[in-house]
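Hi,

Here is the structure I said I would pass on.

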Amino acid sequence: MSEPFEPKIVAFVCTYCTYAGADLAGTSRLKYAPNVRIVRLPCTGRISPMFILKALQKGADGVLVSGCHPGDCHFTHGNYHARRRWTVFRALLEFTGIPLERVKFSWISAAEGVKFAEFINTITEDIRKQGPFDQYKQLIRDTESPATL
Amino acid sequence: MAKIGVFICHCGENVAAKIDCTQLTAAIGEHPGVAVSVEYKYFCSDPGQESVKKAIREHGLTGVVVAACSPRMHEATFRNACAEAGLNPYLCEIANIREHCSWVHTDKDMATIKALEITRSLVEKVKRNNELRPIEVPVTRRALVIGGGIAGIQAALDIANAGHEVVLVEREASLGGHMAQLSETFPTLDCSQCIMTPRMVEAARHPKIRLLTYAEIERVEGYIGNFKVKVRMKSRSVDMKKCTGCGDCMLKCPVKKISSEFDCGLGKRAAIYTPFAQSVPNIPVIDKKRCTYFKNGKCQICSKSCPINAIDFTIEDEFLDIEIGAIVVATGFQIQNTAMYGEYGYGKYADVITGLQFERLASASGPTSGKILRPSDNSEPQTVVFIQCAGSRDPSKGVRYCSKICCMYTAKHAMLYAHKVHGGKTHIFYMDIRAGGKGYDEFTRRAIEEDEASYVRGRVSKVWQENGRLMVRGVDTLLGRPVEVAADMVVLATAIIAQPDAKEFAKTVGIGYDEYGFYNEAHLKLRPVESSTAGIYLAGCCQSPKDIPDSVAQASATASKVLALFSKEQLEREPVVASNNEATCAGCWGCVLACPYGAIEQKDILDRSGRLIKRVASVNPGLCQGCGTCVTFCRSNSIDLAGFTERQIFAEVMGL
Amino acid sequence: MTRILFADKLDNCLERWRSAGISVIGPVKKSNSSGYSAVTKAAEFDFNLVLPERSIKELFFPQSEPLMRYEIKKQEINTSEFKAPTSERIIFGVRPCDAAGLAIDDPLFGWDYQDEYWFQRRRETVLVTIACTKADDFCMCTSLKLTPDSEKGSDILLRPLENNSGWQVEELTDRGREAFKIIADLLQESQEKAAPTAVVEEKFDLEAALAWLKEPENFESHFWKEISMRCIGCGSCTFLCPTCHCFDIQDEGDTYSGIRRKNWDSCSFALFTMHTSGHNPRSTQSARWRQRIMHKFNYFPGKFNLNSCSGCGRCSRQCPVDMGITETLQELSKLLR
Amino acid sequence: MSIVEQYRTKVKELLSSGQVKMVIGYGAGTTPDRRRPLFMRSPEDADKMLLDNACIANLSGYLVSEGLLSDEKRVAIMLRPEGVRSINILAAESQLKAEQIVIVGFDTAGEELRAIEGSEAKDFCALIDSLKESAPLQAPDPLFERIVQMSPQERFNYWQEEFSKCIKCYACRQSCPMCYCRRCIVDSNQPQWINTSSHTLGNFEWNIVRAFHLAGRCVACGNCDRSCPVNIPLRFINRRMGMEVLEVFDHFPGMSESQEPVLASFKKDDPETFIL
Amino acid sequence: MKENSINAQDNIYKPAIMKVVAKHDEAPGVKTLRIEFVDPVEHERFKTTYRTGMFGLYGVYGEGESTFCVASPETRKEYIECTFRQSGRVTSVLANAEIGDLITYRGPYGNRFPIEEFYGKNLLFIAGGIALPPTRSVIWSCLDQREKFGKVTIVYGARTVADLVYKHELDEWMERDDVELVLAVDPGGESPDWKHKVGFVPTVLEQAAPSPDNCIAVLCGPPIMIKFTLIALKKLGFDEKSVYTTLENRMKCGVGKCGRCNVGSVYICKEGPVFTADEVSRMPAADL
């Protein structure tokens, strides 16, 4: 019972900055929480809100979206588009009661291995504090239960 | 519905120490669709790759997942191996269980579970990977070199000498860059101008090189092999075709007391001028901000004095559109303004100068014709203090990095001074002497031993004026005591910084830059002269501080990259590009607006009688760079990105 | 003298049935929407509704029914089936048109192949219908040759008393009798009069409409385009209809485990009949609306001798653009004259 | 002459002169309080036309029905100001040409029916500008305010309850003028991003994605909300999206046909306080 | 959930699990799978019910089910063969099936070709492109009891040579003395070594001019081909009642409940998929 809750976190990252930043965290042998699973995409511009919803459906307690700092996008402005999209999507999540603590956004460059490691630790702790996303998981469980009427 | 091979690499102990590879191999082997699952010490080794190939052939694999290091390391390796075994290379994915797992986690159980989930999700992805074939695009075999310093000139000459057209663009009125300003060069002490000017002339006269000076890059569009570049030819107000470079105008110009940029403010020039005497081309420009005519509408003395009427005040900026196949960026550097060190008194005391100003003083063609004279009173300084790292390696006020060349040029300055002012004394405050390079350490030893440069290890805390002399207070950390020197001149080894407009320019060209504004190479070790944008290469100090030999070497390296690109008429490009489902496209054009590359065009769908049925989006695979921004924008899910399709990502997430 | 169930005894009835292991469902309005939902206290019933917005269909044919769970292993597929609940239940306060709607769909779900998800629920359910004393502008049972106190499909028919204090009880089937045996002592003999049933005006000439629909040449009549011009192609009429039974079968889950479900589908949707080739036999909204009308009033009667409509009027009542069966049949029954 | 009379005359003239091939307006519905879309093709049809406070549906979605505008002939339509904004968005997204649409404008704001001058979308720019100015001043809806005040958990519960009612009839989508896609994302099954089942999870996904696709495009005409057979307060989600794009990006959808879609454009200094 | 489960035969939506035992590439995007029942009880049920012309729902859990005919004849019931074009979600996955993979099958459903009524008659099979599979089921059902029928003629055409399916069987039929096979490709679809006819099926059929006397025609193909071939058959003197064809429509249940496969009042899944041309002519054309 007293096992600490291990949140499941899915990260959608661009390959040029944050993925490389995570690589740097690795080559620097920084240590961070093992709760995050990275999905590599070419650019933050490719990261659709659908991914976030599906990660939640797959049982994620938290989702992280990360890419290049403004101006650094390998594709020049994929991250600017993404930023607008996220602004709106966040408002939507908030309004429908999906806690924003569970869906985080960040800019992490290829040079920011330390930031990546620290960020994963912080977000993992934050979500650990939040606990499992029971409300959403209940919806998922409901789909798996037999008809009651 | 698939036969996937999973290859789990121990990477020696790098993976195996933190991940139970045997357990992982067994667990993933139980996953539906996994036909073979094996572990091995080093899959990237030859025998490792051979075993992957063998498995592909033996089991008729339809996909491969290598669980190993980052795909940024060995994706290409394993994709090649797959191709050699007859499997389309894009049916291979890399699960990063080293950088993203074994190296960063301490709990073996948790790491093993994570590795399994990472691998499983990529197995699910690879099941949905499609065979992709490289896209062939035509290559315009004409290079653009941006920057007419030594790096740019070298790159241009190398490419031109191989027989390809080069457009060399320099924003100043003359080629030369910083190297033209230098007096002698280390470690040989040969005259900079003597080796530089012939190269400038060679570049200017080369039949394959089109030289555009006093010109700037306005816009870069397109993609590797097919760039469209707009160049702004700033108006010189001098007809380049007519001007013979006689220089009468410069002599006649009444505005003569303009501080010369080339001489770092130590000399003067006119409002119509060439940057320096050996300018290439030797054609003056009118400094419109200073010219009396442009300011007040009166004067025109230069025009009247010109024997061939080459001066034309009505010339406007012109724009050239040039088709380019490859771009070499060699935009160089600036030196940091050291005024932020109030304690050094730069800008306050005339005799506190920068290293580059010292170069001008020491240069035979400089304002003092090579005599070392104090700017304040034109007297010969008897004691000179050199302060190294005046900006470099100083996170608090300057820059964090080492500017790399200052140790060497300071030693050179001490030597030049010793050679010119016999009996003069030099004191050099330094942090470390970094003299790595062929003949470099010998050079600094010579400065100390033969030319009696006095090296003091320590920083200078203050420079002030006292009785017409500059008092330098520092500390000798080796002796552990404060030092005070009375000097006649203080020379600061200022930091090399990126051009002030480097970031803006990077965005114009479409390349990445680091926090300092130096341009990012695609890979620091393995692709040091390529930018992350295909077809754009980096030479010289725009990438990082470096000395002349390094700049020249890098320039030649970019030339070899360009020549490799130009060696074929067609270029094979990564097929990771978007494509549109025309049947479901609603034609809202959001993707067209969202595409950073203008790669999406409108396409009319006509019926047999030529009547317009509907308009849909159509992706030009030659322009598409594969960012996928359009895919996310598309509300009807009509556009998709090969290699990262919606199906693949869906499966990847669902496989986690 | 008739047997009366007084409203104040309803809570006792609920208690009795609950003790007998029977759950009770009835018309309920909550979250701004009405339908048939589980009820534990009599106060939760809303008998004032002319008709709950959502039909009784969802209690027998849920909008999303899990059929089976699958788990794909490397060399085997494990499946386990879901079954309709086996518990007995009483739906109290059914409207006659809803009860009739269920009876209409029975032959369809039993046509050669028995859909146990439907019949299991039908077997376990007692329908206690309350005759209508109110109707609105959309009610059209009489046009379908049914009445506001139709017995079709019901096990018990209740007639509201004039003073609204209870209902006269008419036991129609053995199943109904069984269910009411449990509460027999709570019923009272009384002479209280039943309130008059609602007057529902006959809105169209059904026979004329059916005759028109049977004529093959009318299949391609211009009428269909005209009448369906404002149809926006949503599925609300079909989903609210007590007799519309079309469904889709979908797998949901991740790549190696999930659930196969039977979901409501609608002939209004373009995708409904779309081939993967892109060919769509019913590619226009008018073709889809024609299918809906034809199916209900031509094909279905041809197969089962029943019109697939019980006259509840939900299709018109809830239509965002004020269409519906009433208007269409009204218009086409005029065409013959 | 009443506005109805005035507009009947106008419709007759438009049709009899051949200026338009059709006028889309309102006619009597099944009950006295209902209006239904009316497609007028001959001048006589205008007699069936009604115009009053009950005419609230935004009819602009009919303009993009397949084939209606492909013959380049003009079509007239009766629109309230938000309907004109819809036309602007449809034009901006290349679904129609604004000059092909003749607008018969009216408004019922303030309970009083009034005609609005102008015949093409561009004639309404000043009006729409003023709508943008007054948008933040709209009287708050008590329920909306209550939802905003809720804790995330309460909000989730609120929407869970609301969405659990959803029967996936897609009336919200079909009635929305902005939902013109040939294939809706929910109908795309490779992959099936949105569960088509109408269990609460699938309903949650559908409603979130629907709202997201309308972010910066919704003109708050209320068609979806009114169409919902189970009365889910969809207008609130759309309003929240509208507030966000207005406050953060100063975007008011449907200002003109040259307005850039808010999510397909960007500014380098867009706010990003939430990005860590 | 165990206590909730009901007997397999009770649940009309529960498919049988099948193992892929062979696969074959027929044409670009067209594959044939041979599948076998894993459960002998299911297999027995199939053996007792399957007659040529029936169809089934082939599926993959997680993707769904797709409807197409059983391409193997009623004379060979040890397995099921199906041939399909990779187009939708399910067929895309089925196309990637490997030998040993498990898929699902629900059926056989629908009516059949009344082969007994063909006894003693001449048979004319006409097929176009990917529509050969249903015809092939009848062809083999007849060829496997060849003595019961008169003359057998097969006219098969495809857009291009590559689009011809069952190429190995075409070779076999070509070599048989008791079968007359007429092969054709559309103009422009021929390869340099193409030795057979070039032309559209109706034209080729008219040239072949089979006699309508005591002859049953089985015609399968895309709607446009059917339309013109029927005209050709009429010209040749065939009666619509002796021309059989199969129809297909999108289906979900296969058992007459899901409500989408009807053409007019006719449910393809239960009253079809086999119809005479006469029956088809009485269906509303606009609904096809």
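Domain bounds here come from an automatic or database domain assignment. This is a predicted model, in which local features need pLDDT of at least 70 and side-chain atom pairs count only at pLDDT 80 or more, while totals for chains, interfaces and linings use all residues. Residues are numbered from 1 along each chain as its sequence is written, and chains are lettered from A and ligands numbered from 1 in the order in which they are written.

Let's start with chain E. Domain 1 of chain E puts 15 residues into the contact and domain 2 of chain E puts in 17 residues (two residues are in contact if their C-beta atoms, placed from the backbone, lie within 7 Å). On the side of domain 1 of chain E that touches domain 2, β1 (16-27) and β5 (80-85) of chain E are the elements giving two or more residues. Strands (E, at least two residues) and helices (H or I, at least four) are DSSP runs, numbered from the N terminus. That side of domain 1 of chain E divides into 7 nonpolar, 5 polar and 3 charged residues. For those classes, Ala, Val, Leu, Ile, Met, Phe, Trp, Tyr, Cys and Pro count as nonpolar, Asp, Glu, Lys and Arg as charged, and the others, Gly among them, as polar.

Chain E also has an open, mixed sheet of 7 strands, in the order β10-β9-β8-β7-β11-β12-β15. Two strands pair if DSSP finds at least two bridges between them. At the edges are β10 (197-198) and β15 (274-276) of chain E, each pairing on one side only. Strands β7 (122-128) and β8 (152-158) of chain E run parallel and are joined by 6 bridges; E:Leu124 has E:Thr153 in β8(E) as its bridge partner. Helix α4 (132-143) of chain E packs on this sheet, touching β7, β8, β11 (215-220) and β12 (243-246), and its direction makes about 155° with that of β7(E). Axes are lines fitted to C-alpha atoms, for helices over the stretch in contact, and angles run from 0 to 180 degrees between N-to-C directions.

Now for chain C. Here 4 strands form an open antiparallel sheet, β5-β4-β12-β11. Because β5 (77-81) and β11 (247-253) of chain C each have a single partner strand, one side of each is left without a neighbour in the sheet. On average, neighbouring strands of this sheet are turned by 25° against each other, direction ignored. Strands β4 (64-72) and β12 (257-264) of chain C share 7 bridges, and C:Glu65 stands opposite C:Lys262.

Chain B has five entries in the assignment: domain 1 (4-127), domain 2 (142-234 + 317-332 + 499-566), domain 3 (248-305), domain 4 (334-497) and domain 5 (578-654). The C-alpha centres of domain 1 and domain 3 of chain B lie 67 Å apart.

Most residues other than glycine have a negative phi, and most peptide bonds are trans.

- B:Val280 to B:Pro281 is a cis peptide bond, with omega near -5°.
- D:Gln190 to D:Pro191 is also cis, with omega near 5°.
- B:Trp589 has a positive phi of about 70°, and counts as buried with 21 C-beta neighbours inside 10 Å (buried takes 20 or more other C-beta atoms, placed from the backbone, within 10 Å, exposed 12 or fewer, and partly exposed is in between).

Cheers
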